Structure formats: structure tokens, C-alpha cells
Amino acid sequence: MSVAADHPLWERFQSDLRSVDSLGSLSEVRDKYLSRQRGLLTLELKELGRLPREERPAAGQRLNQLRQRVESALGERLERLQSDERSRKIQRETVDVTMPGHHWPLGTLHPLRRLQEEMEGIFLRMGFEVVTGPEIETDYYNFEALNIPRGHPARDDQDTFYLNDSLLLRTHTSPVQIRTLEKRQPPVRMISPGRVFRRDAVDATHSPMFHQMEALAVDEGIGMGHLKGTLEAFFRQLFGEGTHVRFRPSFFPFVEPGAEADVSCIFCSGSGCRICKGTGWIEVLGAGMVHPEILKRVGCDPDRWTGFAFGIGIDRIALLRYQVDDLRLFFENDIRFLRQF
Amino acid sequence: MDLQEPGLENSRLAKRLSMLGLAVDGVEESDSDAVFDLDVTTNRPDCLNHLGVARELSAWLRLKLKQPDFSAPAFEALDAIDFPASVTVEAPELCPRYAARVISGIAVSESPPWLRERLERLGHRPINNIVDATNFALLHVGHPLHAFDYEKLEGRRIVVRTARPGESIRTLDGQMRRLSSEMLAICDAGRPVALAGIMGGEESEISTVSRTILLESAYFSPASIRRAAKALGMRTEASYRFERGADPEMPVQALNLASRLICELAGGRCVSPVIDEHPLPRRPSELELRFERIRRILGMDVGREDVEDILDHLGFRIQTKQEKSLAVAVPSYRVDVGIEDDLVEEVGRHVGYDRIPSAYPQASRPGRPDPTMRHQQAICAVLNGLGFYEAIQVAFTQPDREQAFRTGTDDSPPIANPLSETDTHLRTTLIPGLLEAVRRNLHHGTKDVRLFEIGKVYRRIGDPLEGVAEENRLGVVATGQFHHSYWDSAKTDFHFFHFKGVLEALFARLKMQVDFARCELPFLHPGASALLTGGKEALGSVGELHPLLQEQLKCPSPVFLAEISLSSVFARRLAEPVYRPLDRFPSIDRDFSFVIDKNIEFSKIRSAVQTLKIEDLQDLRVIDIYQGSHLPPEKISLTVRLTFANPERTLTQQEVSDGAGRVVEELRREFGVEQRS
């Protein structure tokens, strides 16, 4: 290397290189020495031809070594400059990562839809079909077909909005079951979710419009044990494996035997708390075996086919599941509420 | 009731009653006794008294039920000569049985403390010894009785008949009641003296000077009492029981029980025999109960002895015993038992529902979601992703609230019996409710509101009294900032094209081609509203809320609305995507600007370009609009980008220039545009 180091151009080049402080000045230095036309080193190389023949190899070698040194020094300088530049860029671009991110607005599903979809999912996996029907119903489908003739005391329990003598706002989604059974022979396994209406004044636990999911299974050999097993499977998926279901006898005109089902309190696991009023149980639904008169009415022989039915208040379960203390919040559409789901 | 069973704690009793179907709402304990508040279902009127509840407990404890003393009090036949009385039932369908007895020599006074206290503990106000005795019988055995002042009964007779036109009666509560011809009245020789099964009349009411009473113990048909009580807006202890079904075999027994108590408390004696008019005796009912049915319905086997024992304790009589079934006579007080499965329930209740083993039914076919589920999920996913919250509104409205938002002649269906003056009809549109939600959110300080609802609207069709149609719709509303103001960016309010873009994204997801055409609707900004069509079908409308309505809403930013019918959206199958090969050759863009009349809608420009059918032209987009001092006021400068591509090869510059040239030429020819350099 000493061969090239003593070349006068090398000294000059080194001095020029020291004053380089940017990519621009580096490029100027490169041009000054290596430009094809006027580069000092290029010119020297071109001058080689004028030397006596015997001197040329040595001088050529020397100049080529010098050029390699120059190029490699330029390369090193370039890399350093780029790396410095990158460091400055990184410096410039350094942010406070604890500042909040840009706000991308995201909406939410209504809690009632969210829960309904979850419930539908469980029933779909258990082989139930989701069927919907009209909200405006006839007296026949809402009452008569379900063993609630005019004058029946049970009509008091479901105070009804009427549109006229024959049409009303359905008080439950059971009419969908009748409509389905009229069209199709068992086996049937269905749920009918939807909006229902009752003439209840608005308060923290009542609304004139709410949501129900009624389930029906009609097949050969269906009994109350299947009802219990299905409800257990359902509530364990919804509320957790440790959930228990208990039946108490009750009365609904469209089932016989009839039952009210309680689940073990999801807040205290049955030890007693404010929500379950210390009983360890929360009443969640009405259920029973499909009344044989109803089966006969839709053309099913009750000695061959039996079935269970139950109806769940989606809003009621939502109150429990999301620990909402006022039903009215579901229908006020306050974004401060909706964004929580 | 007197329950003598050692070790029976109240809490255990309450739990058991609930598990028998008699829900205990509360237990009020005192030193000497405990009052259980039971919620009795409508089918069990037999449990609206102590005897009935005791019977249930006797079946649970498998103990013998102690019957009350139903024997008739002593009576001297000679006395009857001085106290004639007769009963005529003219309406046997409505009153299948009417029993009565005359008691004389009574002194009406306060009841003894034991009776007063007992009634008070049970929520009854003590009146006098006669009324209290009938109330005692009511609570004890569940049968309503009524005492008339015998001296005030014209002709000393009772006629049970329907009311005649124009008849009325002042009832014990002091109200004058006009009777209609379907109502059953208890009359004397001339006029009504009581509303059958509901309430007595004031004129024949017993008073402190009454010496002789006629005590009524009847059975009335439930439907008749229910109709009359409802029509008169009355509900009494008596009507409550009769309309659910009293025990048709109880009248004479209850009469005996009450007579005996009255003689004891008021010092009288019976001066008439038991008058028992029984024009329509009850037909005893007998049911077959198959053991196989019990096993099938309950899902468990119950031993024959258990079945017989339970039924026996509940008062069912086993008529014949077969190997596989029993013939069971239903007691008169069990009005709820009419079919075999009712007996299965009795067995189940008393064996205990908690002993029914859980089983999981074999699935007969796979589950199937609602056919519109995927559409609804797609809509929710797009709108949620774009920042819209899902809303649910109660579907009631009032025509005034909807007036400004009617788009057609849809008539909102009125509710015959609305709950309030503000919710008298069913909605025909989702918009007013969504705007109300905007208003409420603004009120709470939420200024950026994006909501949508998938819900039904309703309209009358055909005969205004007959048909009502319902339709699923999507309503969308947005106001406030599109970009939220933030430390790194300026805020931007939502504008028409943001909102239109939301709908375009939605329909792209639903794979539906939609068109927007200018329209005018009374509630929308006349310059920024459009009808939405898919194919030839009208889908709905979209636009900015009319500035006047925006002012009324006191909303600081423009409000954008859309309402879309989902009938045709739901009717289309959401087609599965089919893969199209990716472009292998680069596309080439060509931008150019031209000055054009402001009034020429972009859709016209686009269709003019489309008519050229330039094969390789893939897309036409607006990338800039300029309007300003360099241009006459009626002109704008539009910069559009043409994108050319060919699936087979790279296009040459010449081909692209030729295509672009044709577009420019067509626009010049059609609209007289001048291209700007």
C-alpha cells in the first residue's frame, strides 16, 4: 500500500475527503477525482500512455492501487454518511409512544343482538333450526291455537295490544311454532327469536316491546328429561360449566306438564346474593311438554309424537349477563351505553 | 291452617310449597304462627284456600288430610213455617247450583278476637260476625258466600236470572251499576239484590239491626262471572275464585260450615232446611292413566304404589286398576285436570321435578340458521367497521311524529288499546326514531353520532281494518366528525360523500349494484338527497337532513340519513365469490382535466364514456374538482383518471392515447367540454 500512499494526489484526496460533510460534497469529491472526463485520477491514468514504455507497468500499477484506495475510502465515507443520515432520521422521527393512537371509530352490535346471536349459535350446534315469523299476528295463532281461547284467565297475564278484532301484536313467538308445525310433520327442532309486545308500562324491568326466543322439539319419545338436558346444555354453554338448572311446577296453557326453570345464580354460584335475593336461584324461563291438544290441532298424533317447549326472555338474560340494572337502557340508544358492548 | 308435623320448619315448608308449584312470595313469621304469601297459578283455584294447600302438603307428607266439620247444624222443622224461603234458578247454564239457608235470632256485632286477628293476619278487614264468618269460610275452604238481610228480600224469595233491560243495582261499595242482559243477577221477587258471584247489593245488606239472614252458597259458571266482572271493571275475592272455577260440590258443605259458625258467633239458629237447587249437576269425569305415558312424558319410571298413593292423597279416586293403566275419577275441585297428561303432571309434581333425570335428545338433523342471518351479519359488520353503533327502538309512534318523514301514502296502523298518548301507532319509518336518538345523544354531550337499526316498519294495506303489512328496513344516521379532531390532524365533518361512501361499501359487501339519482323529499336537503335503486327496484333514500329540521334538532353539524328496504336484500342469496385471475400486465393511468357545465351530473359523463365501449378502459374516476376565480361561475374543472389494462398483454402508449383521445372527443361532442392542458 505504501506504493500509493506517497502519491501527491492521495494527500490531496484525503484532505478533500476530510472536509466532506454531506452526500452532496462527497459526490463532488468523487467527481473531482474519478469523473470520467475531468477526474484528476482519470486524467493521470490517461497520461500513462505518454510515459516511456518501460515505466508504464509500475506507474499503472501505482495509479490503479491509488484508485482502489480512493474508491474504497469514498465507499466507507458514503456508508458512514448514510448511517449518520439514518440516525438523524430516526432521531427526527422518534415519537412519544405513550401518546394515544389515532381514533378509528368502531361501532358495536346492540347487546340484544349480540346475546341473541350467541344463543342462536348454541342452539344451532344442538341441531335446532332458526325460524322467524310475523310480529303482527292473528288472535288464532297467538292465542286460540295455543289453548288460550277468549275469556281464558291466562289472557290477563299477557295483556295484549290489538290492532283490530282479528289482528294483534304477538305477545310471544310461539305462533311461529304453530305455523311451522302446520306446514311440516315432526321431527321438528326449532327456535324462534324475535320481538314481542305486551301492554306493560315502562319501568326498570318492563318494556312494552321486548325479545323472546322460544324453542320447540317434537319427536318420538321426547320427555321432560330431554327438556332438562337441553336446558342444562344450553345454560352451561351460556353461563359456564358449573351452572345448574332446576324445575318448579307451573302453569302455561300450551304445555302439560308445565314448569318454571331456574338456573343457579351466576353471580354467587348458588350461595345466595342480592341478585338472587338470597335463594341461590334465578328464574329464567317457562317450559313444559307441548300440550297434546296443540299437537292434535296441527295434525300430529300425541300418542306418537311428544315435544318440549320453552321460552326465554332475551332482554332478561341480557340484564343478567351484562349486569345491566335498567331495561330501558336497551331502547334509548345512548352511545355511552352502546359502546360498552 | 293447623299443621301439626313436628320438625317442619317454615323455610323448608316454603321451599317445598314452591317445588309443588305454589310459589312462596314471602313468609311473615310471628310468635304464634306464620303467614305464607303464595302465588297461585290461574289453573289452581282449588289452592286459593287453606284446605287446598293442606291437601297438597298431605300428599307430600303422605299424611291423611283432616277434613273440616261439614255436618249440618241442628234444625227444627217447625221453625220453617215462620221463615218461608224459596230459590228459583232461571238460568241453570250460568248458575248450575244454588244453596241457601235462613238463620234467625242473630245479633250482629263484632267478632271475637281470635277471628278478628286471624282475618287481619290474612289481609282481611274484620266487618262483623256474620261477614267475618263468611270470609272465614272463604279462606278456609275457598267458597265465596253471601249473607242477605232476610227481611229486606221482597217475597222472601231468591230468583237467579239474567238482568232485564234497564235494571241496575247499588252494590256494597256504594256504586250504582247498570246491568246488561248477559249479566247474572240474584234477585228477590222484584229487583236485583246482588251481582251474582261478584258483590252484594246495598239495600239487602245486613246491618246491626238485622235479626234474620239468608245465607247464599252457590256455584256460578266461570265464563259468566268473568265477563260480567270485566265489563263492570270489578274484581272481588268472590269473582276471582268463581271466574277461575269454584268447586261445584262445595256449596252445601261451605253453607254448613258457615251456618255453624254464625250460630256460634251470633247466637242464631237455622230456621230453614238447606235449600239446594241443583238444576245442572256436574258430570263426573274419569281419565285413563297409562304407566307408559308417565314414563314417556316424565322420562322416568314411577312405581305403581307411588302413583296410586299420590293420586289418593290429592283426592283422586282410583276406580279400576289394570296392569298397564288406572281409571281415575277427578275430584270436583280440580277444574284444571281434564286429560291424561294433567294426571302425569300430578305424579311428576309430587314425585318431584328435581328427580327427573337429565337426558340429551339425539339430534335428528343439523341445525339451520335463519336465511337472512348472513345478510344481517354482513350489514352489521360493514357498519360496525365504519363506526356505526346498532340501535333498537320500540316500534311505537304517533302520526304527528312521522308526518314530516312520510315518503308515500303509507298509513300508520293505529293500536286499538295504546298504552300511552304518545305511542298510539306502529311506525312506518325508522327515521324519526333515529333522529330522536341523535337528539338524545346530543343532549348527553355525544356530538359524533353514528347509528343504524335493522327493524320492522308497518303499514296498512287494503281494507283499513283488515290488513297490516310489515317490512324489514335498514336505517342509518350520522352526524358530527368524520375524522375525529386529534393532535395530529384537523377535524373534518361528515359530508354527503362520506355518507354515500358508507352505503356504497355496504352494497359492495352485499354484492348489489346500486344507483343514486337526485330526488326531492320533504325532510331532506333539496340539493343533497338521492333515491337509491338496485336494478329497476327502488331501495330507499339517502341524503342530508333538511337544514330547517337540522335547526329544529339543534344539531351543530349536518345530519345524514338513509332508509333502505331490506326485502329485496334479504331475498337475494349472498352469492359465494368466484375467483377471477389476477392482472398479469400493468395498468396504465391517464389523467386529464376539462372545464364543464356545473349542472351536468357525473353520472351522465360516466354513461357517455360507457357507451364508447372501450375494451381496455377499466375505470373512470374523479380525482379533483376545481371551481374558482379562473372559471366562469357556472363552470367547474374536473380532473378524471382513466385506467387502461388488458389481461393478455401490456398496452402500448399509442393504444392508451387513442383510448383517452376517444373519451375526450366524446365529451367534447356530447357536452362541449374544453380540455385544459
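How many of the seven residues of strand β28 of chain B are buried? Six of them are, so β28(B), which spans residues 559-565, is largely enclosed by the rest of the structure. Keep in mind that this is a predicted model.

**Around β28(B)**

| β22(B) | 467-479 | seven | Val477(B) |

Leaving aside residues up to four places away in sequence, Phe308(A) touches Ala217(A), Ile222(A), Met224(A), His226(A), Leu227(A), Ala287(A), Met289(A) and Val290(A).

Next up is an open sheet of three strands in chain B, ordered β15-β17-β16 with antiparallel pairing. Which strands stand at the edges? Those are β15 (285-290) and β16 (317-321) of chain B; each has a single partner strand, so one side of each is left without a neighbour in the sheet. From one strand to the next, the twist averages 30 degrees. Strand β17 of chain B, residues 325-330, is joined to β16(B) by four bridges, and Ala329(B) in β17(B) is the bridge partner of Arg317(B).

**Where the chains meet**

On to the interface: 73 residues of chain B are in contact with 72 residues of chain A. Helix α10 of chain B (residues 340-351) supplies the largest share of chain B's side, six residues. Sorted by class, that side has 36 nonpolar, 19 polar and 18 charged residues.

**A helix crossing in chain A**

Finally, take helices α6 (residues 111-125) and α12 (residues 314-321) of chain A. Their axes come within 10 Å and cross at roughly 100 degrees, and α6(A) and α12(A) are therefore roughly perpendicular to each other. Which residues of α6(A) meet α12(A)? Pro111(A), Leu112(A), Leu115(A), Gln116(A) and Met119(A) do, and on the α12(A) side they meet Ile314(A), Asp315(A), Ile317(A), Ala318(A) and Arg321(A).

Methods
Residues numbered from 1 in each chain as written. Chains lettered and ligands numbered in written order. Predicted model: local features only at pLDDT ≥ 70, side-chain atom pairs only at ≥ 80, totals over all residues. Contact = placed C-beta atoms within 7 Å. Pairing = 2+ DSSP bridges. Helix = DSSP H or I, 4+ residues; strand = E, 2+ residues; numbered from the N terminus. Axes fitted to C-alpha atoms, helices over the stretch in contact; angles between N-to-C directions. Nonpolar A, V, L, I, M, F, W, Y, C, P; charged D, E, K, R; others polar. Parallel < 35°, antiparallel > 145°, perpendicular 65-115°, else oblique. Buried ≥ 20, exposed ≤ 12 C-beta atoms within 10 Å, placed from the backbone.
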